[in-house]
Amino acid sequence: MYERTKIDSKDSLANEAIAKMRFEWVRDEIRHSVDYQMNPVTWLASDVLHYKTGYSHVKSHLLAVLLRGNGIPAVFCYQHLSIDDTNAPYSLHGFNGVYLPEFGWYRMDARNKERVDAQFTPPHEKLAFKIQFLEEADFSSILPELLTVVIEALQSHITWEWMLQNLPNVSLENATNYGLSSSS
């Protein structure tokens with residue numbers, strides 16, 4: 001029994017180290033399409049790897065694929081945020097949750113841009129964005145797949161500019177229809 005506990009503890013530390021390494025790589029090496037004005041709009045993890053660009057949703061898709069490929073459970077999380085930090089309009093911001101045996105589900109956001117300091121510091125969350133307005137929301141739901149509204153938006157737009165004008169969103173009133181529940 002003691003030997004198994006030691007192995008589980010070692011595996012837990014290894015999973016946390018792998019999760020941090022994958023998180024930092026996606027955060028630092030995959031450029032956000034808007035920040036770098038990069039095309040094409042990617043939606044497959046393989047395309048994100050090839051083009052080294054993507055919106056937050058596909059950065060989270062790539063990170064989930066990398067974590068799951070290492071046997072580490074990963075899910076998708078969302079916030080409803082102001083697009084330009086001045087209130088309306090709003091869109092969904094996508095990021096990840098990872099299961100760490102020592103902490104349970106831990107949310108992490110591989111978004112990188114100037115004045116954003118998203119970090120992997122379990123058990124303390126350091127997400128890219130904080131809720132600033134009444135109409136914003138930090139959804140506590142953890143979802144096994146990307147939302148269909150996100151996939152449809154990514155598949156429907158060819159350029160980062162077009163996608164920026166048509167970012168995926170769900171109203172707060174309809175959020176529960178998509179499996180999203182607010183933590184506030």
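Which residues have the most contacts inside the largest nonpolar core? In this predicted model, local features need pLDDT of at least 70 and side-chain atom pairs count only at pLDDT 80 or more, while totals for chains, interfaces and linings use all residues. Residues are numbered from 1 along each chain as its sequence is written, and side-chain values use heavy atoms, with hydrogens and water left out.

The residues in question are Tyr78, Leu92, Val98 and Leu180, and the core they belong to has 39 residues. A nonpolar core is a set of buried Ala, Val, Leu, Ile, Met, Phe, Trp, Tyr and Cys residues joined through side-chain atoms within 4.5 Å. Buried here means under 20% relative accessible area, exposed means over 50%, and partly exposed lies in between (1.4 Å probe, protein chains only). At least two residues of this core come from each of several elements, including helix H1 (2-29), helix H3 (56-69), strand E4 (90-100) and helix H5 (160-165). Helices (H or I, at least four residues) and strands (E, at least two) are DSSP runs, numbered from the N terminus. The most is given by H3, with five residues. A second, separate core has five residues, among them Leu81, Val116, Ala118 and Phe129.

Helix H3 is worth a visit of its own. Its 14 residues reach 20 Å from the first C-alpha to the last, close to the 20 Å expected at 1.5 Å a residue; the expected span is 1.5 Å times one less than the number of residues. H3 is mostly covered, with 10 of its 14 residues buried. The buried residues of H3 include His57, Val58, Leu62, Leu63 and Leu67. Just after H3, glycine 71 takes a positive phi of about 75°.

Leucine 180 lies in the segment after H5. At 1% relative accessibility, leucine 180 counts as buried. Contact means heavy atoms within 4.5 Å. Not counting residues up to four places away in sequence, leucine 180 touches Tyr78, Leu92, Phe139, Ser141, Leu143, Leu147, Val170 and Ala175. From glutamate 114, leucine 180 is 66 residues apart in sequence and 28 Å apart in space, C-alpha to C-alpha.

Valine 116, a member of the second core, is found in the loop between E5 and E6. Valine 116 counts as buried, at 16% relative accessibility. Leaving aside neighbours within four places in sequence, valine 116 is in contact with Arg111, Ala128 and Phe129. A separation of 5.6 Å lies between the C-alpha atoms of valine 116 and alanine 128, which are 12 residues apart along the chain.

Arginine 107 brings a charged side chain into the account. This arginine 107 lies in strand E5 and is buried, with a relative accessible area of 11%. The side chain of arginine 107 makes a polar contact with the side chain of aspartate 138 (2.7 Å). A polar contact is a pair of N or O atoms within 3.5 Å; within protein, one must be able to donate a hydrogen and the other to accept it, and residues adjacent in sequence count only if both atoms are side-chain atoms. A polar atom of the side chain of arginine 107 also lies 3.1 Å from the backbone oxygen of phenylalanine 139.

Three aromatic pairs are present in the structure. Rings of Phe, Tyr and Trp (its six-membered ring) pair if their centres lie within 6.5 Å; planes under 30 degrees apart count as stacked, over 60 as edge-to-face and the rest as tilted. Phenylalanine 23 and phenylalanine 120 form a tilted pair, at 6.0 Å centre to centre and 40° between the planes. Phenylalanine 23 lies in helix H1 and phenylalanine 120 in strand E6 (residues 119-121), so the pair ties together parts that are 97 residues apart in sequence. Tyrosine 106 and phenylalanine 120 form an edge-to-face pair, at 5.4 Å centre to centre and 80° between the planes. Phe23, Tyr106 and Phe120 form one aromatic cluster.

Some details concern the backbone. The peptide bond from asparagine 39 to proline 40 is cis, with omega near 0°, and proline 40 lies in the loop between strand E1 (31-32) and H2. Another cis peptide bond joins proline 122 and proline 123, where omega is about 5°. Aspartate 85, although not a glycine, has a positive phi of about 60°; aspartate 85 is found in the loop between E3 and E4 and counts as partly exposed at 43% relative accessibility. Arginine 115, also not a glycine, has a positive phi of about 65°, and is exposed, with a relative accessible area of 77%.
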